[in-house]
Amino acid sequence: MFWHARTALDLIRNRPGAPSLATSEGPVICPADRFPAIKVSEVMAGRVRLVGLPPVDLGTDIDWRIDPHRNRSWTLNLHALRWMGGLIAEYERSGEAEYLDRATRIAEDWARANPRGATGISPWAWAEHPVALRAPVLVCLSAHVRDDWLSKSLVEHAEILSDPALYRRGHNHGLDQDIALLTVGCRLGQERWKDLAVRRMTDSAELAIDAQGVLHEQAPRYGIYVHRRLGTAIEAIRASGAEVPAGLVARRDSLETYISHATQPDGRLVPIGDSPADTRPSGFRHGKDTVQVFDDGYVFGRTAWDDPESAFYSIRFGTGRRLHGHEDHLGVTYHAHGRDILVEAGFHSYERTGYRRWTISPEAHNVPVVVDADLREGTATRLVSSSVAPARQCYRFTDTAYGVSRTRSVLVGHGADLMAVLDSVPAGSALRNLWHFAPSLTVVSNRDGQVVLADGEWRVTLLQLAMPSGRPLCGQAVRTETIALGYLRQAEATTVLSPPAESVLTLIVPGTGDPEVARSGGRLSVRTPGGHVSLRWDPDLGFADRVPVRTDDRPSDRFGADQVNTTVR
């Protein structure tokens, strides 16, 4: 009777149409080189290192509910099992069965200890992103293991991955879900899962990446991640025998422009949104244009490509905060003379702490804040006008993020390096702007509206004038803030806060602690180490050599012949 019951059960499990490793000869699409590097001997001994945190002894009887570092990223990665995938790769490299045996025990233990819907398991066990990252690891394991528990787990993962209610369309998690569903569908011979994955990839990429290559997650670091994962997706589609959609390739290629323009001359990505300040992209192509205005809310400019001494700046505008973005509209960064000058608080971690909330806030960025007014989170900022020439670029932006019109005009001079920023609010309101300087810079002087900072013998000056009078605006507050240098890495840095005013002109002059400034009517002349810079401004137009943004694709005839990137859509 027992034999007949077991035979009946096997027939049910392996009935036609029921996906099973026992009956499927589908290809194993396993990008083993995508697994994170591990110390094989440590993992074999039950010790893991995840997300740069100290190692944890899991032992051989793993408690899958542990969270020893109280860190969301650590726990996510524990349940993603990608660290275990390194053992599979080592087995395939060496042929030593002990590595495969250990990988199999870990995966089977996870499946046994974390039944979906059970009480008492970690909330990360079946969260959508760990599911997406874990499924390809189980597919890799299935090249060598065909046990029933693994078949069932793969089917369960695919059912979750294909559930539209759990799908993250237009998000990097959604891309990971699609890659996972494709690999499981191929392994189990399920065309419906394969077709769904490829269809969703293309649709999602068109939503996530615009025609200029900007990723709508509002953090350039995620552009790097999505570019890499799209490469994995394209490889998987080819391996599946399907045709790679041309649109998917085009969107991936377009990301390179966005990433390259967001990379500073020192090779680090500018830390906008959830982008760690120590991220170093490599291998991304760039064109000849040194200035690029991206319609979705970024301006990036530099003196020259492939020159570590090049000046560089960024400005944020566009749609309101979403996904991995910060409340950083009107925010600027500035890099010149081979060093950071104006920086952002950056990205520290995803932990739900007061510090994390502060790094997202306007106060953690180089922005004007309206006095005694509340922020309207998610407010869009509009680029009003732009003028781009090789030696200087001017921009004007406006929004109502604090319930009144907030306007910022930015002029950047190249060669004679200078950043000039004019901030204004309507009569009856006042603003204070914040300036976060690189940790290497310390204040050596603060008087008469002029703050001088130094790094050894090198100097940079912040000079503020009340407008429209042009008189020095005195009373800057200097304080120390903690900024992020990378994931879970911090440093103390100087922040300068302006006194309240209706309109403030801020000059950032690198390379000198004593810039010469002369004013005549509506014109200002500033002596920099690279030469004199002349500024003209207008109460209604800001810096007067800018022109309104056009609404069509034709370059304005008010630009000179030496100007580049004149079309701003």
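**Helices, then strands**

Q: Which residue just after α8 takes a positive phi?
A: That's G189, with a positive phi of about 65° just after α8. Helices here are DSSP runs of H or I with at least four residues, strands are E runs of at least two, and both are numbered from the N terminus.

Q: Before we go on, what kind of model is this?
A: This is a predicted model, where local features need pLDDT of at least 70 and side-chain atom pairs count only at pLDDT 80 or more, while totals for chains, interfaces and linings use all residues. Residues are numbered from 1 along each chain as its sequence is written, and side-chain values use heavy atoms, with hydrogens and water left out.

Q: Back to α8, then. How many of its residues are buried?
A: 16 of the 16, so α8 is largely enclosed by the rest of the structure. Buried means under 20% relative accessible area, exposed means over 50%, and partly exposed is in between, using a 1.4 Å probe and protein chains only.

Q: What span should α8 have, and what do its ends give?
A: At 1.5 Å a residue, its 16 residues should span 22 Å, and the end C-alpha atoms are 23 Å apart, which agrees. The expected span is 1.5 Å times one less than the number of residues.

Q: And α7, what does the span check say there?
A: Helix α7 covers residues 148-161, and its 14 residues should span 20 Å at 1.5 Å a residue. The end C-alpha atoms are 20 Å apart, so that agrees.

Q: Is α7 mostly covered or uncovered?
A: Mostly covered, with ten of its 14 residues buried. Among them are W149, L150, V155, H157 and I160.

Q: What do those buried residues pack against?
A: Four other helices: α5 (97-113), α6 (128-141), α8 (172-187) and α9 (191-208).

Q: OK, switching to strands. What's the order in that open sheet of four?
A: The order is β21-β22-β23-β24, with antiparallel pairing. β21 (516-520) and β24 (542-543) stand at the edges with a single partner strand each, so one side of each has no neighbour in the sheet. Two strands pair if DSSP finds at least two bridges between them.

Q: How many bridges are there between β21 and β22?
A: Five, in the antiparallel sense, with β22 running over residues 523-528. R519 has L524 as its bridge partner in β22, and V517 stands opposite V526.

Q: What's in the turn of that hairpin?
A: Two residues sit between β21 and β22, and G521 takes a positive phi near 60°.

Q: Which face of β22 is covered?
A: The one with L524, V526 and T528; R523, S525 and R527 make up the uncovered face. In a regular strand the side chains alternate between the two faces of the sheet.

Q: How does β4 look by comparison?
A: β4 (residues 298-302) has five of its five residues buried. Y298, F300 and R302 point one way, V299 and G301 point the other way, and all are buried.

Q: Which strands does β4 bridge to?
A: β3 (residues 291-294) joins β4 through four bridges, running antiparallel, and F294 has Y298 as its bridge partner. β5 (residues 312-316) is also antiparallel to β4, over five bridges, and there R302 partners F312.

Q: What's in the β3-β4 turn?
A: Three residues lie between the strands, and G297 in the turn has a positive phi of about 125°.

Q: One more residue: is L422 buried or exposed?
A: Buried, at a relative accessible area of 8%. L422 is in strand β12 (residues 418-424). Leaving aside neighbours within four places in sequence, its contacts include T407, M467, V504 and F543, with contact meaning heavy atoms within 4.5 Å.

Q: Last thing, what about the whole chain?
A: The protein chain has twelve helices and 24 strands, and 56% of its 569 residues count as buried. Its C-alpha trace spans about 105 × 50 × 45 Å along the principal axes.
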